[in-house]
Amino acid sequence: MKKLLITAMLVGTSFSTLAADNQCLETKYDAYVDASIHWYEDLVQLTTEQYPDLAEVGNWFLEGRKNHFELNRAAVHYYLQNEPTKVATERSVESWLQLEQHDVKVLAQRDDELGRAAAKSFSDRQAKPHDNNYDLRSAFADLLSHPKKIDEALNKYNTAIKKVEATDCR
């Protein structure tokens, strides 16, 4: 009876430890996604301040980036709970998840939060680029070639990522 009780306690502890680890990993990935979205928000804002005529394409671009990152967030949450081998948590956080176009297409068929996020991202990937996409990319290149212009936003992003990387979920 004692062995059964001890085994039950150990199994219960293992599951609660796993749940705590998963919660920590989800929180860590969420912080990475949030930092990434904020970086793109800042980049678009800085670009459209300099080139106001690119506001529409900037918003289009930003929506696509948000959809991409929200899909990854939903996928990491789902996989940590259901198929942990699909999340490479031993790698740097930006490399935890590798979703190919085919994976996104399959996920988009699901009728749940993950499927809806995949459908948005898949739709973005299939859509015709915005007419001013090249102009926006050129403006990004111009902005990124002047480090002083992006210093504050880049430092904010780097600080957030360092905090994410310092999070230990073991």
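Trainee: Why is Lys128 called exposed?

Mentor: Lys128 has a relative accessible area of 63%. Exposed means over 50%, buried under 20% and partly exposed in between (1.4 Å probe, protein chains only), so Lys128 counts as exposed. The model is predicted: local features need pLDDT of at least 70 and side-chain atom pairs 80 or more, whereas totals for chains, interfaces and linings use all residues. Residues are numbered from 1 along each chain as its sequence is written, and side-chain values use heavy atoms, without hydrogens or water.

Trainee: Where does Lys128 lie, and what makes its link to Asp131 a polar contact?

Mentor: Lys128 is in the loop between helix H4 (113-126) and H5. Its side chain and that of Asp131 are joined at 2.8 Å. A polar contact requires N or O atoms within 3.5 Å, within protein one able to donate a hydrogen and the other to accept it; residues adjacent in sequence count only through two side-chain atoms. The 2.8 Å value therefore lies within the 3.5 Å limit.

Trainee: Why does Asn22 count as buried?

Mentor: Asn22, in helix H1 (residues 2-50), has 8% relative accessibility and therefore counts as buried. Leaving out residues up to four places away in sequence, Asn22 touches Leu80 and Gln81, where contact means heavy atoms within 4.5 Å.

Trainee: Is Thr47 buried or exposed, and which residues does Thr47 contact?

Mentor: Thr47, likewise placed in helix H1, is at 1% relative accessibility and so counts as buried. Beyond its neighbours within four places in sequence, Thr47 contacts Leu136, Ala139, Phe140 and Leu143. Thr47 and Ala139 are 92 residues apart in sequence, yet their C-alpha atoms are 6.5 Å apart.

Trainee: How do helices H2 and H5 pack, and at what angle?

Mentor: H2 (residues 55-82) and H5 (residues 133-144) pack at about 85 degrees, with axes 9 Å apart. H2 is therefore roughly perpendicular to H5, a label for 65 to 115 degrees; under 35 is roughly parallel, over 145 roughly antiparallel and the rest oblique.

Trainee: Which residues of H2 and H5 meet?

Mentor: Val57, Gly58, Trp60 and Phe61 in H2 meet Asn133, Leu136, Arg137 and Phe140 in H5. By class, this contact has five nonpolar, two polar and one charged residues.

Trainee: How many helices and strands does the protein chain have?

Mentor: The protein chain has six helices and zero strands; these are DSSP runs, with helices being H or I of at least four residues and strands E of at least two, numbered from the N terminus. Of its 170 residues, 35% count as buried.

Notes. Axes fitted to C-alpha atoms, helices over the stretch in contact; angles between N-to-C directions. Nonpolar A, V, L, I, M, F, W, Y, C, P; charged D, E, K, R; others polar.
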